[in-house]
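User: I am new to this structure. Please show me how to read its features, one at a time.

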Amino acid sequence: MGKIGEKFKALLSQRKKALIPFFTAFYPTQELFREFILRADDVGVDFIEVGIPFSDPLADGKMIQYSSQWSLNKKFSFSLFLEEIAILKKNLNSSLILMSYFNPILQRGIECFGREMKEASIEGVIVPDLPLEESFYLKDVLSSYNIDLIYLISPNTSPKRIRKISNHSQGFIYLVSLTGVTGMREKLPDNLYIYIRKVREITSKPLCLGFGISNPYQAMRAAELSDGVIVGSALINILKGREQEKYISRDMGDFLKELRKVI
């Protein structure tokens, strides 16, 4: 069992649910990104998911696309990001999870990427555009460094495939709450309970729910149904258009505090 699995085992034994904020690497600046991570950790989040900016995302909605393009326009450097994370991790209680599309991983080389993740103290990796059947080499490389490859399940995933994904999943399973891309929604899908119950009948792995969770009430409902709640677009929404303001880190932290209270 990897470190993520161990943390979930401890959380579940205490009947606690995980809070997982998502930040885009170096959005809006390296300095503010660092401040966001440290403030989120101070709030008491359990995991922090960091997205690597990518020019051709498949699963990201407008908010995360906006933040990714912002970082790319600022000449985002993967190598500089790894240096920053390696330093940051020394002062964090939260576990770090990296989200990247497969092309940036392939460009660095899978074995090189695995070593870099280990050196940066990354504990889990999410690759939303990598099918299960094509993921095993990456999974083996990451596993050799005790890093979990986290798989996604969507509402239209068949029971047969859910079982197959569960057999290979590590850390937790990322439940996509709806069919579509990330982004804020006015309400959670009506069939969410049925969907999660279907997955629970097949696997005992921890389930974390993401996509569309936009406010504390939705986060509370998501936590009632799952083992963890992932929030990304709602955080970017707080920051968008305010990248030069002095107190955006405080406002982002206040929003995370509200989520922490209800989860």
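**Burial and salt bridges**

Analyst: Start with a single residue. Glutamate 84 is buried, because its relative accessible area is 7% and the cut-off for buried is under 20%. This is a predicted model.

User: Which side chain does glutamate 84 meet in a salt bridge?

Analyst: Glutamate 84 pairs with arginine 34, at 2.6 Å from N to O. Glutamate 84 sits in helix 4 and arginine 34 in helix 2, so the bridge ties together parts 50 residues apart in sequence. Arginine 34 is partly exposed, at 30% relative accessible area.

User: How many salt bridges are there by this rule?

Analyst: The count comes to eleven. Among them is the pair of glutamate 133 and arginine 161, at 2.7 Å from N to O. Glutamate 133 lies in the loop between strand 4 and helix 7, and arginine 161 in helix 8, so this pair ties together parts 28 residues apart in sequence. Glutamate 133 also meets lysine 164, at 3.4 Å. Lysine 164 lies in helix 8.

User: Which residues do salt bridges with shared partners join into one network?

Analyst: They are Arg242, Glu245, Arg250 and Asp251.

User: Is isoleucine 213 buried or exposed?

Analyst: Isoleucine 213 is buried, at 4% relative accessible area. Its place is the loop between strand 8 and helix 10.

User: What is the average pLDDT of the protein chain?

Analyst: The average is 91, and 94% of the residues score at least 70. Over residues 180-185 the pLDDT is below 50. Where pLDDT is low, the predicted coordinates should not be read in detail.

Note on methods:
Residues are numbered from 1 along each chain as its sequence is written. This is a predicted model: local features need pLDDT of at least 70, side-chain atom pairs count only at pLDDT 80 or more; totals for chains, interfaces and linings use all residues. Side-chain values use heavy atoms; hydrogens and water are left out. pLDDT is the predictor's confidence in each residue, from 0 to 100. Contact means heavy atoms within 4.5 Å. Helices (H or I, at least four residues) and strands (E, at least two) are DSSP runs, numbered from the N terminus. Buried means under 20% relative accessible area, exposed over 50%, partly exposed in between (1.4 Å probe, protein chains only). A salt bridge is a side-chain nitrogen of Lys or Arg within 4 Å of a carboxyl oxygen of Asp or Glu.
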